[in-house]
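Open the model in your viewer and keep the sequence panel beside it. The tour below goes from one selection to the next and says what is there.

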Amino acid sequence: MVVRYYVGSAEMKWTHKDKLEQIWIRRELGDELFEAIQQDWCRVEILRSDSQSLPGDTYKRCDVYVYIEEEDQRATLFALKYSQVRLTEKV
């Protein structure tokens with residue numbers, strides 16, 4: 001079984017793609033958490049939508065989710081170490 005955690009979000013211009021998008025996400029999440037979700041035992045999913053606080057035609061919101069195998073102890077350790085993440089579902 002896989003667990004899905006909501007890690008955080010970042011708002012930026014729609015023109016920010018790939019590397020620049022990752023820089024903005026890293027800025028919002030912090031270096032330590034960003035490095036943790038880059039490990040091979042995490043699968044990162046970024047959901048993009050119109051910004052909720054800025055004009056949606058120019059700005060986007062990136063919600064960051066992480067999938068981790070529940071049987072792996074890392075899922076529990078991840079949730080304990082980063083208390084700001086929220087469990088959203090078990091798949």
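## Starting at K13

Select K13 first: its relative accessible area is 35%, so K13 is partly exposed. The model is a predicted one. K13 has its place in strand β1. Show the residues around K13, leaving aside neighbours within four places in sequence, and you will find it in contact with T58, Y59 and K60. K13 and Y65 are 52 residues apart in sequence, and their C-alpha atoms are 20 Å apart in space.

## Charges over rings

The charged end of R4 sits over the Y65 ring, 3.8 Å from the ring centre. Next, select R43 and Y67. Here R43 lies over the face of Y67, and the distance to the ring centre is 4.0 Å.

## D63 in strand β3

Move to D63, which lies in strand β3. Is D63 buried or exposed? Its relative accessibility is 13%, and the cut-off for buried is under 20%, so D63 counts as buried. Show side chains: that of D63 makes a polar contact with the side chain of R61, at 2.8 Å. Not counting residues up to four places away in sequence, D63 also touches Y6, G8, S9, E45, I46 and L47.

## The aromatic pairs

Now display the rings. How many aromatic pairs does the structure hold? There are four aromatic pairs. Select Y5 and F78 for one of them: the ring centres are 5.7 Å apart and the planes stand at 55 degrees, so this pair is tilted. Y5 belongs to strand β1 (residues 2-13) and F78 to helix α3 (residues 73-81), so the pair ties together parts that are 73 residues apart in sequence. Colour both by accessibility. Y5 counts as buried at 8% relative accessibility, and F78 counts as buried at 2%.

Keep F78 and select W41. These two form an edge-to-face aromatic pair, with 6.4 Å from centre to centre and 80 degrees between the planes. The pair links distant parts of the chain, 37 residues apart: W41 is in the loop between α2 (31-36) and β2 (43-50), while F78 is in helix α3. W41 has a relative accessible area of 24%, so it is partly exposed. To see how these rings go together, select Y5, W41, F78 and Y82, which ring pairs link into a cluster.

Which residues is F78 in contact with, leaving aside its neighbours within four places in sequence? They are Y5, L33, A36, I37, W41, I68 and V85.

In soluble globular proteins, nonpolar side chains tend to be buried together. For the last stop, select V7, I25, L29, I37, I68 and F78. These have the most contacts inside the largest nonpolar core, which has 21 residues. At least two residues of this core come from each of β1, α1 (18-29), α2, β3 (59-69) and α3. Which element supplies the largest share of the core? That share is five residues, and it comes from β1.

Key
Residues are numbered from 1 along each chain as its sequence is written. This is a predicted model: local features need pLDDT of at least 70, side-chain atom pairs count only at pLDDT 80 or more; totals for chains, interfaces and linings use all residues. Side-chain values use heavy atoms; hydrogens and water are left out. Rings of Phe, Tyr and Trp (its six-membered ring) pair if their centres lie within 6.5 Å; planes under 30 degrees apart count as stacked, over 60 as edge-to-face and the rest as tilted. Helices (H or I, at least four residues) and strands (E, at least two) are DSSP runs, numbered from the N terminus. Buried means under 20% relative accessible area, exposed over 50%, partly exposed in between (1.4 Å probe, protein chains only). A charge sits over a ring if NZ of Lys or CZ of Arg is within 6 Å of the ring centre and within 35 degrees of the ring normal. Contact means heavy atoms within 4.5 Å. A nonpolar core is a set of buried Ala, Val, Leu, Ile, Met, Phe, Trp, Tyr and Cys residues joined through side-chain atoms within 4.5 Å. A polar contact is a pair of N or O atoms within 3.5 Å; within protein, one must be able to donate a hydrogen and the other to accept it, and residues adjacent in sequence count only if both atoms are side-chain atoms.
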